Amino acid sequence: MLSRLLQPEIQSLIEERQLGILKEILLDWTPADIAELLVDLPEKDRVIIFRLLSKELAADTFEYMDFDTQMELLKLMGKEESAVILNEMDPDDRTALFEELPSAAAKQLIQLLSPDERKIAVTLLGYPENSVGRLMTPDYIAIKPSYTIQQTLDFIRENGKNKETLNIVYVVDDKGKLIDDVKIKDFLLAPLDQAVSDLMDENFVELNVHDDQEKA
């Protein structure tokens with residue numbers, strides 16, 4: 001709604017090349033509102049708006065767009081700009097995009113990813129279509145039961161910036177197997193010298209990566 005109300009003003013700023021003012025305005029918009037605006041704008045103006053966004057905001061906005069609009073933007077931006085967006089996307093949203101593409105086109109976009117992100121993309125796409133594995137994200141916090149609360153909070157501060165999930169912290173054993181999940185509020189309320197194992201109740205829900213999405 002916001003984007004449609006302000007669309008004439010936005011287009012006027014584009015035509016007058018008042019891009020600095022436009023960039024400041026968009027800083028206060030949500031990714032969903034910017035995505036709605038882009039869909040309603042002429043194709044030639046979409047890429048102008050998109051290039052004004054920070055890479056983080058651009059990636060978040062991109063994830064709210066429909067598939068056709070996403071593909072139009074990727075074609076307009078070229079390889080370097082497309083690579084920035086694809087590398088910033090959440091892995092599960094990026095997998096959903098690749099799933100919609102013909103195999104050859106998906107392979108071309110995968111080549112634009114950094115080595116680490118490419119490994120993640122290939123791993124997720126390696127799971128059967130419509131399986132839970134296709135929806136997974138590697139962006140989470142995992143700790144050991146021997147950690148203290150202080151060590152856990154320090155670890156979160158150091159590693160949590162780009163994690164998709166922070167409200168739940170996962171506890172794993174030495175082999176990386178999930179053994180519990182703990183709410184972040186439990187860490188915030190516990191004594192700093194207490195061990196993570198003291199917060200564990202080993203009561204958690206788990207799915208197999210090969211489970212059907214709808215069934216899961």
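Which residues are buried in helix 6 (residues 67-77)? The buried residues are Thr-69, Gln-70, Met-71, Leu-73, Leu-74 and Met-77. Buried denotes under 20% relative accessible area, exposed over 50%, and partly exposed the range in between (1.4 Å probe, protein chains only). Helices (H or I, at least four residues) and strands (E, at least two) are DSSP runs, numbered from the N terminus.

The model is predicted: local features need pLDDT of at least 70, side-chain atom pairs count only at pLDDT 80 or more, and totals for chains, interfaces and linings use all residues. Residues are numbered from 1 along each chain as its sequence is written, and side-chain values use heavy atoms, with hydrogens and water left out.

The buried residues of helix 6 pack against several other helices. These partners are helix 3 (31-40), helix 4 (43-50), helix 5, helix 7, helix 8 (91-100) and helix 9 (103-110). Contact here requires heavy atoms within 4.5 Å. At the N-terminal end, helix 6 is capped by Asp-66. A side-chain oxygen of Asp-66 lies 3.1 Å from the backbone nitrogen of Asp-68. Such a polar contact is a pair of N or O atoms within 3.5 Å; within protein, one must be able to donate a hydrogen and the other to accept it, and residues adjacent in sequence count only if both atoms are side-chain atoms. Gly-78 follows helix 6, and its phi is positive, near 90°.

Side chains of opposite charge can pair when their charged atoms come close. A salt bridge was assigned where a side-chain nitrogen of Lys or Arg lies within 4 Å of a carboxyl oxygen of Asp or Glu. The count is 8 salt bridges. One of them joins Lys-55 and Glu-88, at 3.8 Å from N to O. This pair links distant parts of the chain, 33 residues apart: Lys-55 belongs to helix 5 (residues 55-63) and Glu-88 to helix 7 (residues 79-88). Lys-55 is partly exposed, at 43% relative accessible area. Glu-88 is also partly exposed, at 30%.

Another salt bridge connects Asp-45 with Lys-44, the closest N and O atoms being 3.2 Å apart. Asp-45 is buried, with a relative accessibility of 5%. Lys-44 is exposed, at 61%.

Asp-154 and Arg-157 also form a salt bridge, with 3.2 Å between the closest N and O atoms. Both residues lie in helix 11 (residues 149-159), 3 residues apart, or about one turn of the helix. Asp-154 is partly exposed, at 38%. Arg-157 is exposed, at 60%.

The structure contains 3 aromatic pairs. Rings of Phe, Tyr and Trp (its six-membered ring) pair if their centres lie within 6.5 Å; planes under 30 degrees apart are stacked, those over 60 edge-to-face and the rest tilted. Tyr-140 and Tyr-170 form an edge-to-face pair, 5.7 Å centre to centre, with 85° between the planes. The pair links distant parts of the chain: Tyr-140 is in strand 1 (residues 140-143) and Tyr-170 in strand 2 (residues 165-172), 30 residues apart. Tyr-140 is partly exposed, at 36%, and Tyr-170 is partly exposed, at 24%.

The largest pocket holds about 690 Å³ of space. It is lined by 23 residues, and the closest to its centre are Met-136, Thr-137, Tyr-140, Tyr-170 and Val-209. Helix 10 (115-125), strand 2 and strand 3 (178-183) each give two or more residues to the lining. Helix 10 supplies the largest share, 4 residues. On a 1 Å grid over the protein atoms alone, a pocket is an open set of points where a 1.4 Å probe fits, with protein on both sides within 12 Å along at least five of seven lines; lining residues have an atom within 4 Å of a point. Grid points are joined across faces, edges and corners, and the volume is the space filled by probe spheres set on the points.
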